[in-house]
Amino acid sequence: MFGNSRSRPITILLALIVTVIATILLLRRSAYHREYAPSLRNLEWRDINFVHTTDTHGWYSGHLNQKQYQADWGDFISFTTHLREIAHAKGQDLLLVDSGDRHDGNGLSDATKPNGAKSLPIFIQQDYDILTIGNHELYEFENSKAEYDIVAKHYNTNYVCSNVEYEVSEGVFKPIGNKYKYFTTPMKGIRILALGFLFDFRRNNDHTRVKPISQVIEESWIGDLFSEFTPDKVDLIVINGHIPVSHDWEELQTLHTFIRKFYPDTKIQYFGGHSHIRDFAVYDNKSTGLQSGRFCETVGWLGINTNISQSSSNSAVSNIFTRSYIDFNLHSFMYHTGITSYEKFTTQKGQHVSQQIKKARNELGLETIVGHVNSNYYMDYVSITHPKSVFKLLSDKILPTLKPTNDFIELSSERIIIINTGSIRYDLYKGPFTLDTEYIVSPFRNNWVKLTVPKKYAVGVTNVLNSGGYILNKKVDNLHLLPPQQRSPRYITSKIPDGSRNPSQKVFQSSEFSYSINEDIVFESKQLTKGYVTHDDFGDDGDDTPHRAVVTHKVPNVIESTCLDQDSSDDTPTDLIFYDFIIPNIIWALHELGFEAEKSQVSFFSSDYLGKLLNEYARNDKF
Ligand SMILES: O=c1ccn([C@@H]2O[C@H](COP(=O)(O)O)[C@@H](O)[C@H]2O)c(=O)[nH]1
Ligand SMILES: [Zn+2]
Ligand SMILES: [Zn+2]
């Protein structure tokens, strides 16, 4: 059974090495757990409890250089396994929900061709009860195909998507997954009708179709569905949307008004995503929406008491619904399960998935060091003119290194490079620059294109794009040029940059805070770490880990890097260079300035996408 006598010592040696490595890993995990131990707020358990993720964007390895988000997908699987057991032991239900966007943001998902080849088999190890699609599953056909062939197929009836179709054969479109799911929970016997929706997304590839909610509610199937599952047959409606839950995003409001016509008294729980924030909205006294952040930083928790009868008073909402935002780390996970030893916490499946992640990272060479970064560069912790701003780094140092792909490309003597700030997805940290860093900071493989226009128009484009706000994007075919987290700003009281406290000061920011300041993360339990301080419709006690808020700065839609001659005339031909992703925006801005251009006038400039430029900058030791 163990081979011949010669190979036996080798087998024993190998087994010993594997055991030693596994023990070291376990001890390291335990040590980490002891080191990071802030005091936490408890979860509230109800008749039915939901664990929610959204916008994971491939971050299944965890945040390797941020302790507060350092759990990996294997740990998350162990966590939910225990939560389900706890719920069932109490006679309660626990369901898992994911709201889409599983690509674009991390080397694990993006360093393969097709994108997701290694990360999706890891993602699908989690036992989701309801999941839906995000826009990042629809930009490229190969991602939609993977979603259809791997994710929707694996989850079968649990994959619920009511407004996206996939071309199964030429000209034949079928719903991706199922338009709805009707089921009864195992413990409390709660009858749930679940639907799933993507926001009105128009940048999808030609082999897919997205129907806006406003159109779906006019279709006969949804009225027929609601007429079949009459209120007496449904205890809870679950709407899983890749749509922000905030009140200023109209689509869920439209849907809610429609559903209430059929179900005036039924409890409705919305799950949302896309804008990458922690958020919770109360729609009426029987209906709320939860959104659980981004990038495996947050596990959303939502509990519902199904047996509480309806009340017209608003305060009763919190008797029915409860929500928490759990930081994605082992300390939080173990605390909420009540398990104090990592060895007891980690499940066999969890360990297997953690190993699968390590293996995939090694195979992809994600930790191969390309160069070193001398400082942290932030997206919004500092203003865009600050030396530590990633956008200043781009416009001063990185974008000027962009060259045309070949010598035949005709160039003007003056140029302006414009980049949409949404193409930067994360801060750039001091320390080793790895292949993973490249994907984390800017995952998109867009081409640079060129449009030559008189200088007087070229110099105005950035201004126009930055002054239009979100309405601008709507006009330009719903491009969402603006990083979504900037769209629904909140006013919060927060710590001001010099460290003094000014409670009356209102600081402009999104509903989240930049927290990604490695050197500022403190590991003493008495001092709060910098992180999310969420203000939502239930107040400010939702974060399981109380954090110190930090000030964030407003990021414009686009930034530019210029090479202009101050003395040249207004009519000097000037090359506008930008990602093909924003062609419609640039054409629109020029139109606003009085210059008419067409897509056919835009020509290819370079395939050296931003991640590649950053990689080369690091490789050449320029940081
Ligand atoms: O090729 C691309 C695709 C997308 N973007 C940016 O991403 C956001 C959408 O990201 P979500 O995770 O869905 O919020 C989009 O608004 C663009 O800013 C890009 O730059 N290039
Ligand atoms: Zn997203
Ligand atoms: Zn999205």
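A residue is called buried when its relative accessible area is under 20%, exposed when it is over 50%, and partly exposed in between (1.4 Å probe, protein chains only). Helices (H or I, at least four residues) and strands (E, at least two) are DSSP runs, numbered from the N terminus. By these terms helix 18, which spans residues 583-592, is mostly covered, with 7 of its 10 residues buried. Those buried residues are I583, N585, I586, I587, W588, A589 and L590.

The structure is a predicted model, in which local features need pLDDT of at least 70 and side-chain atom pairs count only at pLDDT 80 or more, while totals for chains, interfaces and linings use all residues. Residues are numbered from 1 along each chain as its sequence is written, chains are lettered from A and ligands numbered from 1 in the order in which they are written, and side-chain values use heavy atoms, with hydrogens and water left out.

The metal site may be considered next. Donors are N, O and S atoms within 2.8 Å of the metal (3.2 Å for Na, K and Ca); water is not among the atoms, so sites may look incomplete. The zinc ion (ligand 2) is held by D55 (OD), H57 (NE2), D101 (OD) and H276 (NE2) at 2.1 to 2.2 Å. Along the chain, the donors of this zinc ion (ligand 2) have the spacing D-x1-H-x43-D-x174-H. Two of them, D101 and H276, link distant parts of the chain: D101 belongs to the loop between strand 2 (93-98) and helix 3 (107-110), and H276 to the loop between strand 10 (267-272) and strand 11 (278-284), 175 residues apart. D101 and H276 are both buried.

N135 counts as buried at 2% relative accessibility, and H242 is buried with a relative accessible area of 0%. What bridges the zinc ion (ligand 2) and the zinc ion (ligand 3)? The bridging residue is D101, and the two ions lie 3.5 Å apart.

Side chains of opposite charge can pair when their charged atoms come close. A salt bridge is here a side-chain nitrogen of Lys or Arg within 4 Å of a carboxyl oxygen of Asp or Glu. The structure holds 30 salt bridges. In one of them R102 pairs with E147, the closest N and O atoms being 2.4 Å apart. Since R102 lies in the loop between strand 2 and helix 3 and E147 in helix 5, the pair ties together parts that are 45 residues apart in sequence. Both R102 and E147 are buried.

A further salt bridge joins D265 to K286, with the closest N and O atoms 3.3 Å apart. D265 counts as partly exposed at 47% relative accessibility, whereas K286 is buried with a relative accessible area of 10%. The side chains of K455 and E414 also meet in a salt bridge (3.4 Å, N to O). K455 lies in helix 15 (residues 455-458) and E414 in strand 16 (residues 414-420), so the pair ties together parts that are 41 residues apart in sequence. E165, R209, K211 and E219 are linked in a network of salt bridges.

At the level of domains, an automatic or database domain assignment supplies the bounds: domain 1 (48-364) and domain 2 (369-483 + 555-620). Their C-alpha centres lie 33 Å apart. With contact meaning heavy atoms within 4.5 Å, 27 residues of domain 1 are in contact with 15 residues of domain 2. The count between the two domains is 1 salt bridge. R361 forms a salt bridge with D436, the closest N and O atoms being 2.8 Å apart. Helix 3 and helix 12 (348-364) each supply at least two residues of the side of domain 1 that touches domain 2. Helix 3 gives the most to that side, with 3 residues.
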